[in-house]
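I opened my notebook to write down, entry by entry, what I looked up in this structure. I began with a single residue and then moved on to helices and a ligand.

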Amino acid sequence: MALPAPSAPLPKAELHLHIEGTLEPELAFSLAARNGVPLPYADTGELRRAYDFADLQSFLDLYYDLMAVLRTAEDFTDLAEAYLERAARQGVRHAEIFFDPQAHTARGVPFGAVVEGLGRALDRAEERHGISTRLIMCFLRDLPAESALATLEEAKPHLDRITGIGLDSAEVGHPPAKFAEVYAAAAELGLRRVAHAGEEGPPEYVREALDVLGVERIDHGLRALEDPELVERLVRERVPLTLCPLSNVRLRTVGTLADHPLRRMMDAGLLVTVNSDDPAYFGGYVGDNYHAVAGALGLDAGQLRELARNSFLAAFLDHDEERRARYLAEVDAHPDPAA
Ligand code: HPA
Ligand SMILES: [Zn+2]
């Protein structure tokens, strides 16, 4: 008897994904060889063994170091192409991709090489992988606000490729209000706004991201749970939260997946989504994150469907409502959300 064909993975959008965090050890070594960049690791096994993080900063140190291998537009194309291929296999139909321009321009890589390189992969993502895409430029919050303003200036000739801005890197000590001016300038330019807040920083940072920066989504937002009034507001205003469960475990913001508050957050009425953050470093791509939380928290088919629906509801698809409706219909029609 023939085995039934395995069903396709649940269609989903990925809204919290740092493209530099998709740099797998194998690609890092091959780019290092191509560009003549020395790496302080003997092989991919030794590099992987360094992925044992105590907190956000210990991860960021390695993340920024390994980026040294990314030098040319072609490197960024190869990086994004590898991500899109993996994402498609895990059911991603729409990806809103973060990149960190300052981490590259600071090393002498031109802004244009980064955006054009990524853009070449994104331009063919629909045809090759069936994935629609957006690009979101993140500012490094541990650099001065002036550097973010200069980066927005550099971005101006490339705004046809950039949908929005975000805020990432070391959170504590760098409150959202530090970036009020650049967020206001970006809003004037018609850019969408998101920010990491409440990953390691306090609930106050989540409130500031909403009130001072005018963000439309909060990346992570876990620590909002410490403030019931803030939770009530996030529910009332339907502010999407882009959660990254495997990241939270690897960076020790939650103890184990079984302790992850995702299910409680859904029960509280929050609009939560599941994402991979930096999948090459945290042990899984977005489908792996869905499977992991489904297993650890005992999510049923309805809850998995809700997470996938939320991802499309929270996506920047306002100018393409027809597409959003199509993606939502694909979720509703999916025979087996656990796949
Ligand atoms: O998880 C993250 N948090 C903050 N900054 C980041 N930059 C890449 N990944 C992250
Ligand atoms: Zn992130």
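Entry 1. I looked up the contacts of His 94 beyond its neighbours within four places in sequence, and I found Ala 13, Ile 131, Ser 132, Phe 312, Ala 315 and Tyr 327, where contact means that the C-beta atoms, placed from the backbone, lie within 7 Å. Tyr 327 is 233 residues away from His 94 in sequence, yet the two are 8.8 Å apart in space, C-alpha to C-alpha. His 94 belongs to strand S2 (residues 92-99), and I noted that strands (E, at least two residues) and helices (H or I, at least four) are DSSP runs numbered from the N terminus. Is His 94 buried or exposed? His 94 is buried, because 26 other C-beta atoms lie within 10 Å; the cut-offs are 20 or more for buried, 12 or fewer for exposed, and partly exposed in between.

Entry 2. I reminded myself that this is a predicted model, in which local features need pLDDT of at least 70 and side-chain atom pairs count only at pLDDT 80 or more, while totals for chains, interfaces and linings use all residues. Residues are numbered from 1 along each chain as its sequence is written, and chains are lettered from A and ligands numbered from 1 in the order in which they are written.

Entry 3. In helix H1 (residues 25-35) I listed Pro 25, Ala 28 and Leu 31 as the buried residues. They lie on the same side of H1, because they cover an arc of only 125 degrees around the axis, the arc being that of the directions from the helix axis to the C-beta atoms. Glu 26 and Ala 33, on the other side of H1, are exposed. The buried residues of H1 pack against helix H2 (44-49), helix H3 (56-66) and helix H4 (73-89). After H1 comes Gly 36, with a positive phi near 65 degrees.

Entry 4. I then turned to ligand 1, whose surrounding residues include His 18, Tyr 63, His 196 and Asp 277, a residue being near if its C-beta atom, placed from the backbone, lies within 6 Å. Asp 277 sits in the loop between strand S8 (272-274) and helix H14 (279-282), and has a positive phi of about 70 degrees although it is not a glycine. Asp 277 counts as buried, because it has 30 C-beta neighbours inside 10 Å.

Conventions:
Two residues are in contact if their C-beta atoms, placed from the backbone, lie within 7 Å.
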